[in-house]
Amino acid sequence: MKEAVIDIGSNSMRLTVYEVEEKNFKILFKEKFMAALAGYVESGCISEAGILRACTGLLEFKNTLRLLSLDEHVHVFATASLRNIVNTDDALAQIKMRTGFDIDVITGEEETVLGYVGVMHEIEASEGVFIDIGGASTEIAIFDDHELLFSNSFRIGSLKLYKDCVKKILPGKGSLKRIEKEIDEAIPSDFDDFGKKEQLICTGGTARSVLKFAKFLQLVSDDEQLLSYEHLKKLKELFLGDEKKAANVILKVDPERIHTIIPGFMILYDIADRFQVEKLMICNYGVREGYLCQRILR
């Protein structure tokens, strides 16, 4: 059986098609649409233009699925893109009318747990910190002996930080200070109670983009998924150093994230630094795979 999952995120919308056999699955097909929905939120409401932008992405996915004759088992969920707004019900109704899709808006707590479940289908890790940096939210979980000790979603993300703190394309010194302040205020300091953790398990577009830059700088090999804290420090020199050099490298490696990669990296670096992690594992699985396992296959 084939199952299609569409994830409406605050920065990107993603379609993933899975081949499923009982509780096992493999990815057959992936497609991404950069909607940047967090950029359409004003005074807590997503604008009409933002709703139309979401519809455009969904209709593109719908057409793709129809061409592949995969339009029977389609599941659509939204995270902070439609969760952290005032006019959620109105947006859902308009999207339903224009696309035919019913959308499951998951809570921040659900998103965190589903992300954790998803990555644990890819890797084996008994303890550490899990993080998923999105466009408008960041999910963090702390686990030990395969048990969750803490899980929560925070209203801070790469696109939201860019929108709130950056005046130009790349952040200058003033913008960097504003970003640091926003991170400190959004994410609590009581993580100190959990002590040092050896590894940070990362998923999401920001983490995968950071890995691309590490490979471009030849810090790791092309088939590597593991970064060290020392690698992060070298990447910090690039991103927070000379603006022109940073811009040139970003345009070569991941141009569609030129405005969000530095704010997203700063969240990642902050969490790695707080827990004094030695290594970072970048995962391909995440909330979509968790949703598949917990909400569909179950």
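Visitor: Is Tyr 40 buried, exposed or partly exposed?
Guide: In this predicted model, Tyr 40 sits in the loop between strand 3 and strand 4. A residue counts as buried under 20% relative accessible area and as exposed over 50%, with partly exposed in between. Because the relative accessible area of Tyr 40 is 27%, this residue is partly exposed.

Visitor: How far apart are the C-alpha atoms of Tyr 40 and Gly 50?
Guide: Along the chain, Tyr 40 and Gly 50 are 10 residues apart. When neighbours within four places in sequence are left aside, Tyr 40 is in contact with several residues, including Ala 35, Cys 45, Ala 49, Gly 50 and Arg 53.

Visitor: Is Asp 145 buried or exposed?
Guide: Asp 145 lies in the loop between strand 9 (138-144) and strand 10 (147-154), and it has a positive phi of about 55 degrees although it is not a glycine. The cut-off for exposed is over 50% relative accessible area. Because its relative accessibility is 57%, Asp 145 counts as exposed.

Visitor: Is Gln 94 buried or exposed?
Guide: Gln 94 belongs to helix 3, which covers residues 88-99, and, not counting residues up to four places away in sequence, it touches Glu 48 and Ile 51. Since buried means under 20% relative accessible area, the 13% relative accessibility of Gln 94 makes this residue buried.

Visitor: Which element gives the largest share of the lining of the largest pocket?
Guide: The largest pocket has a volume of about 380 Å³, and its lining is made of 20 residues, with Arg 14, Lys 30, Arg 208, Lys 212 and Asn 284 nearest the centre. Two or more lining residues come from each of strand 2 (13-21), strand 3, helix 7 (205-216) and helix 11 (287-296). By class, the lining has four nonpolar, five polar and 11 charged residues. The largest share, six residues, comes from helix 7.

Visitor: What is the volume of the largest cavity?
Guide: The count of cavities of 30 Å³ or more comes to one. Of the 29 residues lining the largest cavity, Asp 7, Asp 132, Gly 134, Gly 204 and Gly 205 are the closest to its centre, while strand 8 (128-133), helix 7 and helix 11 each give two or more residues to the lining. The lining divides into five nonpolar, 15 polar and nine charged residues, and the space in this cavity is about 340 Å³.

Visitor: How many of the 10 residues of helix 11 are buried?
Guide: Helix 11 gives two or more residues to the lining of the largest pocket and two or more to that of the largest cavity. Its buried residues are Val 287, Arg 288, Glu 289, Gly 290, Tyr 291, Leu 292, Cys 293 and Ile 296. Helix 11 is largely enclosed by the rest of the structure, because the number of its residues that are buried is eight.

Visitor: At roughly what angle do the axes of helix 5 (residues 158-165) and helix 10 (residues 261-274) cross?
Guide: Helix 5 passes helix 10 in a right-handed crossing, where Ser 158, Leu 161 and Tyr 162 of helix 5 meet Pro 263, Gly 264 and Ile 267 of helix 10. The residues of this contact divide into four nonpolar, two polar and no charged. The two axes come within 7 Å, and they cross at roughly 115 degrees.

Visitor: Is the crossing of helix 8 with helix 10 left-handed or right-handed?
Guide: The axes of helix 8 (residues 229-239) and helix 10 come within 11 Å and cross at roughly 145 degrees. Among the residues that make the contact are Tyr 229, Leu 232 and Phe 239 of helix 8 and Ile 261, Phe 265 and Asp 273 of helix 10. By class, the contact has 10 nonpolar, no polar and three charged residues. The crossing of helix 8 with helix 10 is left-handed.

How values were computed: Residues are numbered from 1 along each chain as its sequence is written. This is a predicted model: local features need pLDDT of at least 70, side-chain atom pairs count only at pLDDT 80 or more; totals for chains, interfaces and linings use all residues. Side-chain values use heavy atoms; hydrogens and water are left out. Helices (H or I, at least four residues) and strands (E, at least two) are DSSP runs, numbered from the N terminus. Buried means under 20% relative accessible area, exposed over 50%, partly exposed in between (1.4 Å probe, protein chains only). On a 1 Å grid over the protein atoms alone, a cavity is a set of points where a 1.4 Å probe fits but cannot get out, and a pocket is an open set with protein on both sides within 12 Å along at least five of seven lines; lining residues have an atom within 4 Å of a point. Grid points are joined across faces, edges and corners, and a volume is the space filled by probe spheres set on the points. Ala, Val, Leu, Ile, Met, Phe, Trp, Tyr, Cys and Pro count as nonpolar, Asp, Glu, Lys and Arg as charged, and the others, Gly among them, as polar. Contact means heavy atoms within 4.5 Å. Axes are lines fitted to C-alpha atoms, for helices over the stretch in contact, and angles run from 0 to 180 degrees between N-to-C directions. A crossing is left-handed if the near helix is turned anticlockwise from the far one by less than a right angle, and right-handed if clockwise.
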